[in-house]
Amino acid sequence: MEDRGVITGNVALVDPTAVGRPITIIVEVMAERTSIEALEAMKAHFAVPEVQQCYYVTGEVDFILVLTVASMKEYQTLARRLFAENSNVTWFKTIVALDRVKVGLDVPSMAG
């Protein structure tokens with residue numbers, strides 16, 4: 001399956017609290033400019049270790065990011081760098097997860 005590109009990588013699911021990163025934050029981001037070049041620059045800008053997942057989406061926002069941080073102070077510094085100081089970010093909305101109810105990367109197989 002790896003040779004066919006079905007399996008694109010192997011991961012270990014790590015308990016973020018056990019490694020000192022107990023806070024999960026979801027961020028909605030609206031871009032000012034959505035040209036191909038501007039979007040590619042934003043995708044590259046968001047490719048930092050604290051960002052676990054980044055989605056370019058349809059709807060009211062342009063990006064949804066899932067981050068893990070050690071503290072709200074760390075998030076404040078990260079938000080300044082990723083969003084507030086980025087001239088292509090119109091606005092961003094922070095959502096702090098209270099509990100990790102279901103976390104995984106499983107893809108259901110097509111039974112049939």
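The buried residues of helix H2 pack against strand S1 (23–31), helix H1 (36–45), strand S2 (51–56), strand S3 (63–69) and strand S4 (89–96). The residues of H2 that are buried are Tyr75, Leu78, Ala79, Leu82 and Phe83. In an α-helix, residues three or four places apart point the same way, because there are 3.6 residues a turn. The model in which these contacts are found is a predicted one.

Helix H2 covers residues 72–84, and its end C-alpha atoms span only 16 Å, whereas a straight helix of 13 residues would span 18 Å at 1.5 Å a residue. H2 also bends, by about 25 degrees, at Leu78. Leu78 is itself one of the buried residues of this helix.

The wider setting of H2 can be described next. The chain holds two helices and four strands, and from the N terminus on these elements follow the order β-α-β-β-α-β. Along the principal axes, the C-alpha trace spans about 45 × 35 × 25 Å. Of the contacts in the chain with a separation of 6 or more, 66% are between residues 24 or more positions apart.

Of the 112 residues in the chain, 27% are buried. The chain exposes about 8000 Å², and carbon and sulfur atoms supply 56% of that area.

Val66 is part of strand S3. Val66 counts as buried because its relative accessibility is 16%, and the cut-off for buried is under 20%. Apart from neighbours within four places in sequence, Val66 is in contact with Thr24, Ile25, Ile26, Glu50, Val51, Gln52 and Gln53. Among these, Thr24, Ile25 and Ile26 fall within the range of S1 (23–31), and Val51, Gln52 and Gln53 fall within that of S2 (51–56). Between Val66 and Arg80, which are 14 residues apart along the chain, the C-alpha separation is 16 Å.

Asn88 sits in the loop between H2 and S4. When residues up to four places away in sequence are not counted, Asn88 touches Met30, Ala31, Glu32, Arg33, Ala38 and Met42. Two of these, Met30 and Ala31, lie in the range given for S1 (23–31), while Ala38 and Met42 lie in the range given for H1 (36–45).

His45 belongs to helix H1. With a relative accessibility of 30%, His45 counts as partly exposed, since that class lies between the 20% limit for buried and the 50% limit for exposed. Leaving aside neighbours within four places in sequence, the contacts of His45 are Arg81, Leu82 and Asn86. His45 and Ile7 are 38 residues apart along the chain, and their C-alpha atoms are separated by 26 Å.

Key: Residues numbered from 1 in each chain as written. Predicted model: local features only at pLDDT ≥ 70, side-chain atom pairs only at ≥ 80, totals over all residues. Heavy atoms only, no water. Buried < 20%, exposed > 50% of the residue type's maximum accessible area, 1.4 Å probe, protein only. Contact = heavy atoms within 4.5 Å. Areas by Shrake-Rupley, 256 points an atom, 1.4 Å probe, with all protein chains shown as cover. Expected span 1.5 Å × (residues − 1). Bend = angle between axes of the 7 residues up to and from the residue.
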